[in-house]
Amino acid sequence: MRIQPILDRLAPLKYKTLGGALEFIELRSLAGRLDALFIVPERGQARPSPFLTGVVDQNIDEGFMAMMIIDRGRADIGTISEKFETRKAELIRCLATWTHPDSENLTQFVGWNLYSSDGNALTYAFNFKICTHFREIINGA
């Protein structure tokens, strides 16, 4: 699964920082760069290949996380909750209504959870899944 098409799809959501897994693991400070969103591949699981002589033919479920980091905003409690609800709805709507170019089906929204909190920002992991296809004819079979 290629990450760039996902980043391209999310660009109109206007995050101050938008990147992939490498940018996420290299985080030092996001001061002045929030709200941020990072796409991180999470898992891949192949379905069994049918028993066809000389052919590997499998569907692969590929999961990824959209790591959303939002700042606390103003001191009032409602601000981060309102921002989270707005950002959550636009993220799910943006990806769950779209077909990744490597897939034949719509992107599936799987769920979300709080990933971390440091007092200044909250990080949420939104899980999505696409299904890709792998087919290879084995030489000499």
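# Chat about a predicted model

Reader: What does the accessible surface of the protein come to?
Author: About 8500 Å² in this predicted model. Carbon and sulfur atoms account for 52% of that surface.

Reader: And how much of the protein is buried?
Author: Buried residues make up 40% of the 141 residues.

Reader: Which secondary structure elements are there, and how many?
Author: Three helices and five strands. Along the sequence the pattern reads α-β-α-β-β-α-β-β.

Reader: What share of the contacts join residues at least 24 apart?
Author: 58%, counting contacts between residues at least 6 apart in sequence.

Reader: Let's go to the strands. How do β3 and β5 run?
Author: Antiparallel, with 17 bridges joining β3 to β5. Met68 stands opposite Tyr124 in β5.

Reader: How many bridges join β4 to β5?
Author: Eight, and β4 and β5 also run antiparallel. Strand β4 covers residues 108–117. Ser116 stands opposite Thr123 in β5.

Reader: What about the hairpin of β4 and β5, how many residues lie between the strands?
Author: Three. Gly119 in that hairpin takes a positive phi near 95°.

Reader: Switching to the inside. Which residues touch the most other members of the largest nonpolar core?
Author: Ile6, Leu10, Ile39, Leu91, Leu95 and Phe126. That core has 23 residues.

Reader: Which elements each supply at least two residues of this core?
Author: Helices α1 (4–10) and α3 (77–96), plus strands β2 (36–46), β3 (55–71) and β5 (121–137).

Reader: Why would such side chains sit together?
Author: In soluble globular proteins, nonpolar side chains tend to be buried together.

Reader: Now charges. How many salt bridges does a search of the whole structure find?
Author: Nine. One of them pairs the side chains of Asp35 and Lys83, at 3.5 Å from N to O.

Reader: Where do Asp35 and Lys83 lie?
Author: Asp35 is in the loop between α2 (21–25) and β2, and Lys83 is in helix α3.

Reader: Is Asp35 buried or exposed?
Author: Buried, because its relative accessibility is 8% and the cut-off is under 20%. Lys83 counts as partly exposed, at 22%.

Reader: Which salt bridge does Arg87 make with Glu90, and at what N to O value?
Author: Their side chains meet at 2.6 Å, N to O. Arg87 and Glu90 are three residues apart in helix α3, so about one helical turn separates them. Arg87 counts as buried, at 12% relative accessibility.

Reader: Which residues do salt bridges that share partners join into one network?
Author: Asp35, Asp71, Lys83, Arg87 and Glu90.

Reader: What about Arg43 and Glu42, how do their side chains meet?
Author: In a salt bridge, 3.6 Å from N to O. Arg43 counts as exposed, at 57% relative accessibility. Glu42 counts as partly exposed, at 34%.

Reader: And why can such side chains pair?
Author: Side chains of opposite charge can pair when their charged atoms come close.

Technical notes:
Residues numbered from 1 in each chain as written. Predicted model: local features only at pLDDT ≥ 70, side-chain atom pairs only at ≥ 80, totals over all residues. Heavy atoms only, no water. Core = buried A, V, L, I, M, F, W, Y, C linked by side-chain atoms within 4.5 Å. Buried < 20%, exposed > 50% of the residue type's maximum accessible area, 1.4 Å probe, protein only. Helix = DSSP H or I, 4+ residues; strand = E, 2+ residues; numbered from the N terminus. Salt bridge = Lys/Arg side-chain N within 4 Å of Asp/Glu carboxyl O. Contact = heavy atoms within 4.5 Å. Areas by Shrake-Rupley, 256 points an atom, 1.4 Å probe, with all protein chains shown as cover. Pairing = 2+ DSSP bridges.
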